[in-house]
Amino acid sequence: MSAVVAEDVATPVQKPSAGHQLPAARRTPTSYGVLCGMTVLVLLVLAPFLVIVMNAFKAPADFAAHGPLGWPHSLHIKTVVNFWNSSDFGGKLLNSFEISLAVAVLGVLVSVFNAYALGIGRVRGRTAFLVFFLLANVLPQEGLVYPLYYMAKQVGLYDSKWAIVVIFTVIQSAFGTYLLSSVYSAFPRELIEAAAIDGAGSWRTLWRVVVPVSLPTLSVLFTFFFIWTWNEFLLPLIFLVSNSNQTVPVALAQLQGEHTTDITGTAASSLLGILPAIVFFLIFQRTLTRGVAVGSVK
Amino acid sequence: MSRRRRRRNGSYAVYLIPGVLLCVPVILVPVVANIGISFTRWQGIGRPHWAGFANYTRLFQDSNFWASFRHIGAMVIAMAVVPTLLGLFLAAVLFDYVAKKYGDRAASLFRSGLYLPQVLPAAVTGIVWGWLLAPSGAINSVLKDVGLSGQTDWLGNPSWALISVMLVLVWVQLGYPVVMFMAGLQRIDPQLYEAADLDGASWWQRFRHITVHLIRPEFYVVLVTTTIAALKVFAQVFVLTSGGPGNATLVPSYFAYKNFFDILNVGYGSAISSVMTVIIVVVGFVFLRAQTRATESGLS
Amino acid sequence: MGITLKRPARARSTLGLALTLATAGSLALAGCGTSSGSNASATSAAGGSAAAPASATSAAASSTAAPASAKGSASPTSSAAPASTQVLGGGSGKYAGQTLTLWDYETADSALGKARALAIKDFLASHPGAKVKYELKSFEQINSSASLILNSNSAPDVMEYNKGNATSGLLSKQGLLTDLGSQVSKFGWDKLLSPSLQVTAKYDPTGSMGSGKWYGIPTYGEFVFVYYNKDLFAKNNISVPTTLADFESDLAKLKAAGLTPIANGGAEYPTQQIFYELSLSKADRQFVNDFQLYQHKVNFQGPQFTFGATTLQDWVNKGYIAKNTVNLKAQDMGNAFEAQKNPIMISGTWWYGTLASEIKNFKWGTFLFPGNTYNAGSSGNLWVVPSKAKNKDLAYDFINITLGKDVQTLMGNSGGIPVNADLSQITDPGNKQLIADFNTLNTKNGLSYYPDWPAPGYYDVMRASIQDLMNGKSPSSVLSELAKPYDDNLANIGKG
């Protein structure tokens, strides 16, 4: 059984996907039931977002009079526009985008290298290495702050976006290393050996065989790293002191005062803040499905 | 043989260099520093004062801290167990049922919908769910409409608060396993499913024997990472209830945060996070061992 | 109430709207990303200045205009919301090349924000050539990392910071704040600030407030009092109460009329402050000084706190305060008052400006907590000058300007509580009342600080205990929960 499984797990697939060829005729009352059930579930999951959208376009006085769950009486875009202008939101978006993209790219790269050595290379002491890398994922982030603060000050990276990029590359790649090592340890040996027989070194094997075949997992990592980094709050809050370096979630915190909260402003700004992440996910989730086809070309 | 293998391994070890070089300053040094600081009285600035085991003695007597540990089990259920199992089921339904009957587009649309809560910043999650769970909020209105009392104070009543928080955490977490498992399922040869189909296997049999079996790497990764996340969680809990009512939803990580950044009792905060780290490492190690064993038995 | 999820058709159409918006947003973002990508590197290469050149020039232009007259009628914030990062001033003059870096966490439309904007304007007028680099910070950022920032080269020249032992007191103890003593006597600030306002400006070497060196300068006051809905009071034939007994009979009347009288948010400071106000109704100055300044040991089971806890629980049981507010936030309390769900809100003066601008459909007013000589309240937040500030002299000048008559008068006219305003220039009767109430309290030495101040982390202890009280735990056991961390802290700082 096992040998067969191992082979099946990652054998490049000949067909793009399982879905398309099946005739619609196989739709049954049960299948419509499942579809309805799914639809209801997803709509329930999305309902809170509707509440956010509703309040983002509500005038503060309207909110004050009718609460969060009433429909807006008029479309009030001033809150959104005001927040955009006053917080230099374009700048924050750019900061968040730069940081998240850099972390996603570097994080995937480091994860691939680590996992290649641990999962496929099976270097000695791989469990120890894995635990070592996993520490980054395990340690409560609060515990990192003070030591990293003093180191960043030493090397002049306090109040610099690079500090955040480096820190999150490590934290995210800890997860990536773990996931990829698990996936790579089930990687079909025959493919590696075939490449070796063709005379490919480990570098070429990595880029020509391993990376293409594991592309779906890599796109998952890439997407996750981007979105996780986008949403990080504590470390950016502490390490990015200047307003000009700040990221989107940190900017949102400006609406939470000492005694009061600007609620409609928060709804508007959070809508602005999550849209890019949502769009990013929607774009990249297509590659989650497409990745297999790319892998199978090889 | 062994010589050849060693040479091969040596060449692979080169790939670890960037990771190790980055990990040492960003993780290893802080971990060691953290342990060092935990033996001092320090307010984050200036010279720490040696305090011996004082912080640990205090920690082991801190009844609030240990009381909050009881809630960890609830967090693990809400953030790890339920999302992983439910996510596995939903991923299989989407991949092996919806996608087949209605196409990949439908399946990925559902997947996006389930994933969206992951994108929302914790602060906003707290505000929105606060509205929905408020005494006069949406949930109570719906309950009233279907003929129930709709009077429950979901977050203010000590017997409901923890359950409500758990519900929100399931909502937050669910999309992550779904995306992970669906990505894992992409690796599986569809012929396996077709063969099983021809053998007359039911959906449930395919789910148990093919799906669950083949995405075991992802399954373990999801279980381990969500469990770790559950042990560390506090942002979502804090924005929903601030740990209340009373101490009904207090979680340990909140103490660390509070001591690090609010009270500036950095020595004590370090002791808390060191203890938490040890606990999480132990839990992680147990899982890793189980995973290795399961993988080996699966392969042999 | 409200429209909920029961209308799927409409819900779906709004969802469609959301998706359309998402798509539109993505296109806009894509455009932004590509067009501004190159700009960004250009700006950062030019030295990483925060302000776009355009905003700097326009601001400079506005600063050359004549400084606002003492009448303070011209609001410096004109139309659109101003940016949270601004570089203003510059050019030639005696102060050319010098930049004052200024941070606070007061939004532009608040009384304090308006006062700050005018102060910047005045500062630029009296310091030709100087620049002001202003950044609006989030309370959370300053609250969680002030000591880290002030210990680095990113420290500003002058910054708003919270008053109290746990905040300014701690930073002063860590040596991160400049001793302002010589400036106080040079500018005569001590003559503008009453003794009870000075309490929160001075800290001793252990970081305890009330005596020692000047580490911060307050420019306004704040206190807790009662907001009420005039329309609902009139409708139920209720006049403003002057004693606690009157107040309680009014609460009973309102309850009998089917209203829940008092708005509340149990998860944050509001209920704690109601508890404190009730306790203070039985208190004298010595009790306040014992509790807040550690002059003598406090008996938590004594008459003051026992009355506070018992009465609060009684009010909850009688339905004067809804039990299901136990997990609501302060903002929920404000919203409930604004939505006329509750005719009374017992809270701080920091709500005044918001309510004034957002309440359009009913009349409201304020009164001091009936019968209380002592009320929660203190100076407002402080201007502090970090030890690592680079332009301390500019910082001192700026602080002095914020205490000037024109800035203070504008603050008073915008719903703040100035400490040095020209009272004849305060036009709105509500604002006048607010300032008069504060001055009454201040001259009677009635400012009693806040219940969570005496020990680090006490806010959480208070929150949990008061929530337990609301949910029915006995007052005496709640009070012993409050006593323990308080006494632990006393032992900790060597005053037990």
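Start by selecting Ala104(A), which sits in helix α5 (residues 89-120) of chain A. Helices (H or I, at least four residues) and strands (E, at least two) are DSSP runs, numbered from the N terminus. A quick note before moving on: this is a predicted model, where local features need pLDDT of at least 70, side-chain atom pairs count only at pLDDT 80 or more, and totals for chains, interfaces and linings use all residues. Residues are numbered from 1 along each chain as its sequence is written, while chains are lettered from A and ligands numbered from 1 in the order in which they are written.

Is Ala104(A) buried or exposed? It counts as buried because it has 25 C-beta neighbours inside 10 Å (20 or more other C-beta atoms within 10 Å means buried, 12 or fewer exposed, in between partly exposed, with C-beta atoms placed from the backbone).

Next, hop to chain C and pick out the open sheet of six strands, in the order β1-β3-β2-β4-β13-β7 with mixed pairing. Its edge strands are β1 (85-89) and β7 (217-218), each pairing on one side only. Strands pair if DSSP finds at least two bridges between them. Zoom in on β7(C): two bridges join it to β13 (residues 382-384) of chain C, and the two run antiparallel. Click Pro218(C) and you'll find its bridge partner in β13(C), Leu382(C).
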